[in-house]
Amino acid sequence: MLKIENLHVRVAGKEILKGLSLEVLPGQVHAIMGPNGAGKSTLGNVLAGREGYEVVEGSVSFEGSDLLTLAPEERAAEGVFLAFQYPVEIPGVNNTYFLRAALNAQRKYRGEPELDSMQFLKRVREKLSVLHLKDELLHRAVNEGFSGGEKKRNEIFQLALLEPKLAILDETDSGLDIDALKAVADGVNLMRSPERAFLVITHYQRLLDYITPDVVHVLADGRIVESGGPQLALELEAHGYAWVKDRVAP
Amino acid sequence: MSGLLDSLKTGFDALPAAIVDAQGLGESRRRSLAQAFADGLPGPRAERWKYTPLRALSQRSFVDAAVAPKLHPAFLADIPAPRMVFVNGHFDAALSLLTDLAPGLAVQPLSQALIGDDLRAVNVLGRRFEHADETFARLNASLSFEGALVRVEADAKIAAPLQLVFVSTPADGDLAWHQRHLLELRENASLTVIEHHLATAAHRHLGNHLMHVHLKPGAQLLHARVQDEDAGATLIARTDAALASDAQYRRVDLELGAGLSRHELNVALQGKRADFVSGGVLLAGGRRHVDTRLGIEHVARDTRCDLLWRGLAAERGRAVFHGGITIREGADGTAATLSNKNLLLSDSAEIDTQPVLEIYADEVKAAHGATVGRLDAGHLFYLRARGIPEAQARALLTLAFAREALGRLLDPALIEQLSPALEARLASLEASA
């Protein structure tokens, strides 16, 4: 589904990703772990198409086609979703209006019929009840006045509503208390399917107690230095990231 | 010599003495005109007009709008009763819908008051304007024979919004008109007023409006003003409001059109706990120049103002905003907030903003801020990352930015009613960008 080969990315003139390669198959959950500054968030942002992330070498293909030539909105419509580490507050843009605009823009891109407001609301209510979210959330502006936990849950709600093929969770666990963490994990687990893949970017192992990954990668200094099964995350938790420094090639 | 002033004086001199002297106002009218002539139009050195040059306007000539043109009623089909309609400065009784007014609401055109025995007209028109830069107020004092006089009796709560409609329509030559208005709410009265400034087609007329708003103790006025004039229009407006104790004045101004639009909004909070909440949008596209100048004066204790203005300048447009708040000595317990954010949508556009806070009292809470910027890249990326195409994302954020001010009206139905004009103007900006 997602194939990253020898990816080099520069941010503000500085090379952050230095030859990252990764392949994610449909239905898999991959965890990307690593110390601060390893390039974890850069990976999420470059996949979603944020400006200022310059690909200097390498390729990213998504379902066989070149992801890097697409605009952010095209990537979204193709099925790539980034759950933001820091979801922005957008005053004046109503959450419901935003979600419907997003969903219909994606549907239009894919040649599917747009949903009218009744169809859309029906779908929204289904997702809200599955995720145990209050519909009060819909009447507010996008993320405005939301607590840290509410913002992250809103990201997962959007994930559920937009039903992407590949979901990238960029440190979605950061700053969450245990209840919010469980809620986020429940949402993700409900979304797991043989067709859908997840890339879970995290600094800590604790999210992986609730979302069991198929593959765990250790990212350090812009490269994947170790890959393994779920037990790798536990080892990282036990031993920290200090040993990773030895794996970083000169 | 000024082409503008000369042409207006020629019009004044041609008026029958009976009209000029009606209600004993002749002397005051002549004096105001003489003062306007003596001081001329404010030049570049007049502080209050620094960012709005009048040179081009001063050289133009205007003729009196002598005959009221006929307008097809369908043009106003969307504007419900009760409504008071003026076309090119003339009251249009046929287009106005003023039958079956709610008890306690009295509406009269100034022209009728001038030939009647109602002294209210004299009260309003007799006011003097002593500052050299008050040229348009002086011109108004000498040349206004028409306007809207609105009064709500004590304790009357008027549910249906009163629509004041000012329509401009093309004529032979460029016309000038001067209108004087009074909104007077007695004790504990309440009213909603919606002002519309519209054009049927392209024109280059000059409208000069001076409105007095008098709110007695406990009165509540909700006031929306939608300036949606033609891009050739010149609109000079001034609102002088005085609020007695516990009066509440909530208003929103949408400055969407006109080639040159200047509005001075002066609000004096004279009674304790008087409350003024205001929102506004300045939209300057094309080569349009939009200038709003707020002058809020806290005179009494425990008064409050809360001002939220948004400016957008695109193409070669220029938006000018002055947010002046003065807290007088003794006005302790006052709370004053001003937020002015501006969006610069092109490199050739210009925004000048000046928040000015003067405090002479001790215990006050005051905050003001002004920013000029572009659409937030983080917001834009967030929307696009969810699948919304860039142009649509920009439009959505721009509208949200402007609608924040509209939200000050609180009433969802009213907001939905006024939003289309704003949306249409923003869409045409984006289409031309």
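Two residues are in contact here if their C-beta atoms, placed from the backbone, lie within 7 Å. Keep that cut-off at hand for the tour. This is a predicted model, in which local features need pLDDT of at least 70 and side-chain atom pairs count only at pLDDT 80 or more, while totals for chains, interfaces and linings use all residues. Residues are numbered from 1 along each chain as its sequence is written, and chains are lettered from A and ligands numbered from 1 in the order in which they are written.

**Stop 1: α3 and α7 of chain B**

Select residues 26-39 of chain B, which form helix α3, together with α7(B). Helices (H or I, at least four residues) and strands (E, at least two) are DSSP runs, numbered from the N terminus. From α3(B), Ser28(B), Arg29(B), Ser32(B), Leu33(B), Gln35(B), Ala36(B) and Asp39(B) meet Thr135(B), Arg138(B), Leu139(B), Ala141(B) and Ser142(B) of α7(B). Sorted by class, the residues of this contact are four nonpolar, five polar and three charged. For these classes, Ala, Val, Leu, Ile, Met, Phe, Trp, Tyr, Cys and Pro count as nonpolar, Asp, Glu, Lys and Arg as charged, and the others, Gly among them, as polar.

Two packed helices are described by the angle between their axes and the distance between the axes. For α3(B) and α7(B) the angle is about 150 degrees and the axes are 7 Å apart. That makes α3(B) roughly antiparallel to α7(B). Angles under 35 degrees count as roughly parallel, over 145 as roughly antiparallel, 65 to 115 as roughly perpendicular and the rest as oblique. Axes are lines fitted to C-alpha atoms, for helices over the stretch in contact, and angles run from 0 to 180 degrees between N-to-C directions. The crossing of α3(B) and α7(B) is left-handed; a crossing has that hand if the near helix is turned anticlockwise from the far one by less than a right angle, and is right-handed if clockwise.

A residue is buried if 20 or more other C-beta atoms lie within 10 Å of its own, exposed if 12 or fewer, and partly exposed in between, with C-beta atoms placed from the backbone.

**Stop 2: α1 of chain B**

The contact joins Leu5(B), Lys9(B) and Phe12(B) of α1(B) to Leu33(B), Ala36(B) and Phe37(B) of α3(B). Its residues are five nonpolar, no polar and one charged. The crossing is left-handed.

**Stop 3: backbone details in chain B**

Most residues other than glycine have a negative phi, and most peptide bonds are trans. Pick Ala81(B) and Pro82(B), which are joined by a cis peptide bond with omega about -5 degrees. Pro82(B) lies in the loop between β1 (63-64) and β2 of chain B.

Next, select Asp246(B), where phi is positive, near 60 degrees. Asp246(B) sits in the loop between β11 (234-243) and β12 (248-255) of chain B. With 19 other C-beta atoms within 10 Å, Asp246(B) is partly exposed. Then go to Leu410(B), which has a positive phi of about 65 degrees and lies in the loop between α9 and α10 (412-432) of chain B. Leu410(B) has 12 C-beta neighbours inside 10 Å and counts as exposed.

**Stop 4: Val87 of chain B**

Val87(B) is in strand β2 (residues 83-87) of chain B. Its 23 C-beta neighbours inside 10 Å make Val87(B) buried. Leaving aside neighbours within four places in sequence, Val87(B) is in contact with Ala68(B), Pro69(B), Leu71(B), Asp92(B), Val167(B) and Thr169(B).

**Stop 5: α4 and α6 of chain A**

Select residues 117-131 (α4) and 148-162 (α6) of chain A, which pack at about 130 degrees with their axes 10 Å apart. These helices are therefore oblique to each other, and their crossing is right-handed.

**Stop 6: where the chains meet**

Finally, show both chains: the contact takes 19 residues from chain B and 21 residues from chain A. On the side of chain B, α8 (377-385) and α9 (390-406) are the elements that give two or more residues. α9(B) gives the most, with eight residues.
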